[in-house]
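This briefing concerns the protein model shown below.

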Amino acid sequence: MVMNKVYLFEKSNILKIRIEKMLSRLGFREIRSMFEDRVTISHFLKGLTSDDLLIIDFESYECEFDEILSYIQKNKKGQSPIIFVLVHFMEPNGLIRLFQRGVNDVLIKPFENEVFLNKINRLKDQQPLKQDVIIHEEQTKSSITLSWCSGYEIGVPLIDKEHKEIVNHFHRLYQFMKECRGQDYYKELITFLQEYVVRHFENEERLQVELHYPEYDNHRHLHELFRTRIQELVIKDASENVSNQDLIKLNLFIKDWLIHHIMVEDTKIGLFYKENHKNYKDFNF
């Protein structure tokens, strides 16, 4: 896909400049900023085509978000433009509604430049992501806990059950770390992850094949990245003592995977499954 123009909805000047620099690296020459133009949304989006890219910071434009999507739906001619949303936090049901309303992809803030660039490349050229899991070492222990809730369910019972397993293991690691006993659980968790990436990823990929899921190749690539990272942890575990920094990195690695992968990528599979599973009555999972 060749994208002509970028329509940027970002009120933070620092983040706006950062995004503009990254887009320039990718070869975009026409980047329009809503914050700089200071016009109405309808005037700003006049001339929008299906070959254009919209980048919307949800927190910056939360009040105008419905108006933006409504304008696009009302005025689109044929295929909609690509819509890419940046969001600091959103409940799973909120993410599902974004996809249902035509959003193509979501990126959780804060994010690394390489993640942003790869996501845009994926939308632009349909290339697989190089990396979708980033460790934010500056985060504190108080910000790295996560518990299972029904909002994480994608609607496929076995997949949801397996997702709940890894969330529960993640939460257990957090509890051990709070008690300064994280090293006691580290090896057990690594052993679980080794088995999990084989069993769960095989089930998830088989589901996608059965459904003829259009993003199967990209999704499988993300699984390969996770497998590679787990293997690196296994090698490190066998050769070195486990430090507190190792525990925090593992905790953050799994948390980022859960947020970026289950809440974004797997949610897309769930939506596709709900829309198409009636065509697969003999599907035995």
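**Overall architecture and aromatic pairs**

In the protein chain, 73% of the contacts between residues at least 6 apart in sequence join residues at least 24 apart. The model is predicted, and the protein chain has 10 helices and five strands.

Burial and surface
- Of the 285 residues of the protein chain, 51% count as buried.
- The accessible surface of the protein chain comes to about 14100 Å², and carbon and sulfur atoms account for 49% of that area.

Aromatic pair of Phe-9 and Tyr-61
- The whole structure contains 10 aromatic pairs.
- In one of these pairs, the ring centres of Phe-9 and Tyr-61 are 5.3 Å apart and the planes stand at 85°, so the arrangement is edge-to-face.
- Phe-9 belongs to strand S1 (residues 6-9), whereas Tyr-61 lies in the loop between strand S3 (53-57) and helix H4 (65-75); the pair therefore ties together parts 52 residues apart in sequence.
- Both Phe-9 and Tyr-61 are buried.

Aromatic pair of Phe-201 and Phe-226
- Phe-201 and Phe-226 also form an edge-to-face pair, with 5.7 Å from centre to centre and 75° between the planes.
- This pair links helix H8 (residues 182-211), which holds Phe-201, to helix H9 (residues 216-239), which holds Phe-226; the two residues are 25 apart.
- Phe-201 is buried at a relative accessible area of 1%, and Phe-226 counts as buried at 1% relative accessibility.

Surroundings of Tyr-61
- Tyr-61 forms one aromatic cluster with Tyr-7, Phe-9 and Phe-44.
- The charged end of Lys-11 sits over the ring of Tyr-61, 4.6 Å from the ring centre.

Conventions:
Residues are numbered from 1 along each chain as its sequence is written. This is a predicted model: local features need pLDDT of at least 70, side-chain atom pairs count only at pLDDT 80 or more; totals for chains, interfaces and linings use all residues. Side-chain values use heavy atoms; hydrogens and water are left out. Helices (H or I, at least four residues) and strands (E, at least two) are DSSP runs, numbered from the N terminus. Buried means under 20% relative accessible area, exposed over 50%, partly exposed in between (1.4 Å probe, protein chains only). Contact means heavy atoms within 4.5 Å. Accessible areas come from the Shrake-Rupley method with a 1.4 Å probe; for residues, only the protein chains shown count as cover. Rings of Phe, Tyr and Trp (its six-membered ring) pair if their centres lie within 6.5 Å; planes under 30 degrees apart count as stacked, over 60 as edge-to-face and the rest as tilted. A charge sits over a ring if NZ of Lys or CZ of Arg is within 6 Å of the ring centre and within 35 degrees of the ring normal.
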